[in-house]
Amino acid sequence: MSSERNRRTPAAGKRKVVVGLTGGSGVIYGIRLLEVLKKRKGIETHLIVTPAAAITIKAETDFSTSYIEKLATKTYRFGDISAPMASGSFSFDSMVIVPCSMHTLGAIASGIADNLVVRAAEVTLKERHRLVLVPRETPLTLIHLQNLVRVAEAGAIVLPAMPAFYERPKSVSDIVDHLVGKILDLLEIENNLFKRWEGFSST
Ligand SMILES: Cc1cc2nc3c(=O)[nH]c(=O)nc-3n(C[C@H](O)[C@H](O)[C@H](O)COP(=O)(O)O)c2cc1C
């Protein structure tokens with residue numbers, strides 16, 4: 001019976017993660033996530049890149065959009081509302097939007113599913129799959145804060161792009177890996193991308 005089905009383990013066996021890259025700063029987090037997941041056996045990534053993300057890719061990195069698209073198992077057009085993940089019948093495990101712009105956050109919070117990223121996020125929430133949002137903006141307006149509360153109340157996990165410094169990062173890449181490791185933890189994918197805090201050494 002469908003009510004007994006474990007919705008987080010699709011019948012096909014491979015874990016399917018939908019990844020949305022939107023036009024917030026920090027697109028490198030999403031690129032690194034795709035690079036790590038590409039090397040993992042048993043995981044498929046289904047990628048959607050917004051037009052604004054294509055601009056931040058150009059502004060913030062030396063990667064081409066085609067390189068990034070090849071990291072994913074499959075890539076979908078932003079406007080393709082007929083793509084599989086636009087339907088609740090698509091069998092997948094989780095969705096990550098990294099970075100998540102305030103525009104996309106607001107659209108998810110308001111239920112305005114007029115593009116594939118927002119529709120896939122809506123489907124993820126309604127089907128009770130895991131939705132991880134990595135919002136990036138500073139400072140935040142009251143509208144941003146209220147939208148974050150709304151998506152959290154609807155079941156999304158909000159993982160802000162906020163670096164931690166307890167592992168004494170030596171490079172931007174250390175900071176990026178720490179955040180990507182936190183995303184993987186939430187997807188329940190084992191990783192050692194960052195050093196876990198174990199308290200101060202007693203010696
Ligand atoms: C270089 C650059 C950096 C940006 N950084 C942010 C940001 O950190 N957060 C944000 O919410 N929007 C940021 N924006 C604006 C978004 O890209 C813009 O609101 C866009 O409409 C988002 O569309 P999308 O959600 O469909 O990707 C940035 C734009 C550019 C060009």
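This is a predicted model: local features need pLDDT of at least 70, side-chain atom pairs count only at pLDDT 80 or more; totals for chains, interfaces and linings use all residues.
1. **A way to look at helix pairs.** When two helices pack, we describe them by the angle between their axes and by the distance between those axes. Keep both in mind as you turn the model on your screen.

2. **H4 with H6.** Start with helix H4, residues 102-110, and helix H6, residues 142-153: their axes are 9 Å apart and the packing angle is about 50°. The two helices are therefore oblique to each other. If you look at the handedness, H4 and H6 make a left-handed crossing.

3. **Who touches whom between H4 and H6?** On the H4 side you will find Met 102, Leu 105, Gly 106, Ile 108 and Ala 109, and these meet His 144, Asn 147, Leu 148, Arg 150 and Val 151 of H6. Sorted by class, this contact holds six nonpolar, three polar and one charged residues.

4. **H4 with H5.** H4 also has a partner in helix H5, residues 116-126; their axes come within 9 Å and cross at roughly 45°. That angle makes H4 oblique to H5. This crossing is right-handed, whereas that of H4 and H6 is left-handed. Thr 104, Ala 107 and Ile 108 of H4 meet Val 117, Val 118, Ala 121 and Leu 125 of H5, a contact with six nonpolar residues, one polar and no charged. Notice Ile 108, which is listed in the contact with H5 and also in the contact with H6.

5. **H1 with H7.** Now turn to helix H1, residues 27-38, and helix H7, residues 172-186, which pack at about 60° with axes 9 Å apart. H1 passes H7 in a right-handed crossing. From H1, the contact includes Ile 28, Tyr 29 and Arg 32; from H7, it includes Ile 175, Asp 177 and Leu 184. In this contact 11 residues are nonpolar, none are polar and two are charged.

6. **Around the ligand.** How many residues surround the ligand? There are 14, and the closest are Gly 23, Thr 50, Ser 101, Thr 104 and Arg 136.

7. **Polar atoms facing the ligand.** Thr 50 places a polar side-chain atom 2.7 Å from an oxygen atom of the ligand. For Met 102, a polar backbone atom is 2.7 Å from a ligand oxygen; Met 102 also belongs to the H4 side of the contact with H6. At Arg 136, a backbone N or O atom lies 2.6 Å from a nitrogen atom of the ligand.

Note on methods. Residues are numbered from 1 along each chain as its sequence is written. Side-chain values use heavy atoms; hydrogens and water are left out. Axes are lines fitted to C-alpha atoms, for helices over the stretch in contact, and angles run from 0 to 180 degrees between N-to-C directions. Helices (H or I, at least four residues) and strands (E, at least two) are DSSP runs, numbered from the N terminus. Angles under 35 degrees count as roughly parallel, over 145 as roughly antiparallel, 65 to 115 as roughly perpendicular and the rest as oblique. A crossing is left-handed if the near helix is turned anticlockwise from the far one by less than a right angle, and right-handed if clockwise. Contact means heavy atoms within 4.5 Å. Ala, Val, Leu, Ile, Met, Phe, Trp, Tyr, Cys and Pro count as nonpolar, Asp, Glu, Lys and Arg as charged, and the others, Gly among them, as polar. A residue is near a molecule or strand if one of its heavy atoms lies within 4 Å of it. A polar contact is a pair of N or O atoms within 3.5 Å; within protein, one must be able to donate a hydrogen and the other to accept it, and residues adjacent in sequence count only if both atoms are side-chain atoms.
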